[in-house]
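Keep the viewer open and follow along.

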Amino acid sequence: MRPSSTGVSSAGIEAQCLLDLAGFSPGTVDGVFGTKSQAAAADFQRLANKYYGVTLTVDGKVGPKTWPVLRAHAF
């Protein structure tokens, strides 16, 4: 499931919490994956590509390839 930029979702809350734990501030953790959350996700994707040897698309979306890397990095 992908976080939504138009409504509150559990995926949005999880992604925002994980980004925050990983040191990428998504702004207010409210479940809405808006511009600040997307910018944090894109910054995370850039870092992951550079340091973890993955090839994530830097689009600010937390999709099927970004989820496992984000979950592993946050813990």
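## Helix α3 and its cover

Start with helix α3, residues 66-74, where Thr 66, Trp 67, Val 69, Leu 70 and Ala 74 are buried. Buried here means under 20% relative accessible area, exposed means over 50%, and partly exposed is in between (1.4 Å probe, protein chains only). Helices are DSSP runs of H or I with at least four residues, numbered from the N terminus. The cover over the buried residues of α3 includes α1 (10-21) and α2 (35-51).

A word on ground rules: this is a predicted model, so local features need pLDDT of at least 70 and side-chain atom pairs count only at pLDDT 80 or more, while totals for chains, interfaces and linings use all residues. Residues are numbered from 1 along each chain as its sequence is written, and side-chain values use heavy atoms, with hydrogens and water left out.

## The nonpolar core

The largest nonpolar core has 17 residues, and the members that touch the most others are Leu 19, Phe 24, Phe 33, Phe 44, Val 62, Trp 67 and Leu 70. Two or more residues of this core come from each of α1, α2 and α3. A core of this kind is a set of buried Ala, Val, Leu, Ile, Met, Phe, Trp, Tyr and Cys residues joined through side-chain atoms within 4.5 Å.

Pick Leu 70 to see how this works. Leaving out residues up to four places away in sequence, Leu 70 touches Ala 15, Leu 18, Leu 19, Phe 44 and Val 62; contact means heavy atoms within 4.5 Å.

Is Gln 16 buried or exposed? Gln 16, in helix α1, is buried, with a relative accessible area of 0%. The Gln 16 side chain reaches the backbone nitrogen of Gly 31 at 2.8 Å. Setting aside neighbours within four places in sequence, the contacts of Gln 16 are Pro 26, Thr 28, Val 29, Asp 30, Gly 31, Val 32, Phe 33 and Ser 37.

Gln 45 sits in helix α2 and is also buried, at 0% relative accessible area. What does its side chain reach? The side chain of Gln 45 gets to the backbone nitrogen of Asp 59 at 3.0 Å, and it makes a polar contact with the side chain of Thr 66 at 3.1 Å. (A polar contact is a pair of N or O atoms within 3.5 Å; within protein, one must be able to donate a hydrogen and the other to accept it, and residues adjacent in sequence count only if both atoms are side-chain atoms.) Beyond four places in sequence, Gln 45 touches Leu 56, Thr 57, Val 58, Asp 59, Gly 60, Lys 61 and Thr 66.

## Salt bridges

How many salt bridges does a search of the whole structure find? It finds two, a salt bridge being a side-chain nitrogen of Lys or Arg within 4 Å of a carboxyl oxygen of Asp or Glu. One joins Arg 71 and Glu 14, with the closest N and O atoms 2.8 Å apart. This pair links distant parts of the chain, with Arg 71 in helix α3 and Glu 14 in helix α1, 57 residues apart. Arg 71 is partly exposed at 38% relative accessibility, and Glu 14 is partly exposed at 30%.

The other bridge brings together the side chains of Asp 43 and Arg 46 (2.9 Å, N to O). These two are three residues apart in helix α2, so about one helical turn separates them. An α-helix has 3.6 residues a turn, so residues three or four places apart point the same way. Asp 43 is partly exposed at 39% relative accessibility, and Arg 46 is partly exposed at 46%.

## The loop between α1 and α2

Val 32 is in the loop between α1 and α2 and is partly exposed, with a relative accessible area of 25%. Not counting residues up to four places away in sequence, Val 32 touches Ser 4, Ser 5, Gly 7, Val 8, Gln 16 and Ser 37. The C-alpha atoms of Val 32 and Gln 45 are 19 Å apart, with the two residues 13 apart along the chain.

Val 29 lies in the loop between α1 and α2 and is partly exposed, at 38%.
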